[in-house]
Amino acid sequence: MNYPITRQLHHQLRPPRLPTSFTRRLPPSPHAPAEARRALDRLRPVVVPDCLDDIRLLVTELVTNSYRHAPPDAGAPIDLHVCVGHSTVRVEVRDGGWGFTPPPAPDLPEEGGRGLYLVGQMADRWGVRQEPTTCVWFEMDVEKPWQQGGQTAHSTL
């Protein structure tokens, strides 16, 4: 019996420590969506690539909406908050807006206006909260790399 191999296999099968959450404050600028996508790099060790791609797309849509539709005189930053659970990733995007009623599904030939439609189609759960400002959130049930037999990695946020 070779104990080092047994320990190595145990290490490979053990899920990494899950990051619990992080927040990134983004400037209300055209660069905010790209910065938000880069912030999601922290999820690589704990979310399979296909799920992470979907999360990136939805975050890009929500941050873009925040930049485009929050009152320009507010000048408030856009806050991206990400919380990772054992089987769910929750994302919240807050801006200086006063809230809105989600629009109906857009006509497909139109360019733009599909961000919330995509969130509604791709996320497992989503919603809008009118706090003092606007918070649009979504949750995705995700697979972790170690649940697919992928490489494990230890990560902290």
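Modeller: The side chain of E92 makes a polar contact with the side chain of R94, at 2.5 Å. A polar contact is a pair of N or O atoms within 3.5 Å; within protein, one must be able to donate a hydrogen and the other to accept it, and residues adjacent in sequence count only if both atoms are side-chain atoms. This is a predicted model: local features need pLDDT of at least 70, side-chain atom pairs count only at pLDDT 80 or more, and totals for chains, interfaces and linings use all residues. Residues are numbered from 1 along each chain as its sequence is written, and side-chain values use heavy atoms, with hydrogens and water left out.

E92 lies in strand β3. Strands (E, at least two residues) and helices (H or I, at least four) are DSSP runs, numbered from the N terminus. E92 is buried, with a relative accessible area of 8%. Buried means under 20% relative accessible area (1.4 Å probe, protein chains only).

Now the neighbours. Leaving out residues up to four places away in sequence, E92 touches D79, L80, H81, R129, C135, V136 and W137. Contact means heavy atoms within 4.5 Å.

The charged end of R90 sits over the W137 ring, 4.3 Å from its centre. That requires NZ of Lys or CZ of Arg within 6 Å of the ring centre and within 35 degrees of the ring normal.

Strand β3 (88-95) also meets a helix: the buried residues of α3 pack against β3, and against other elements including β2 (78-84) and β5 (134-141).

Conventions:
Buried < 20%, exposed > 50% of the residue type's maximum accessible area, 1.4 Å probe, protein only.
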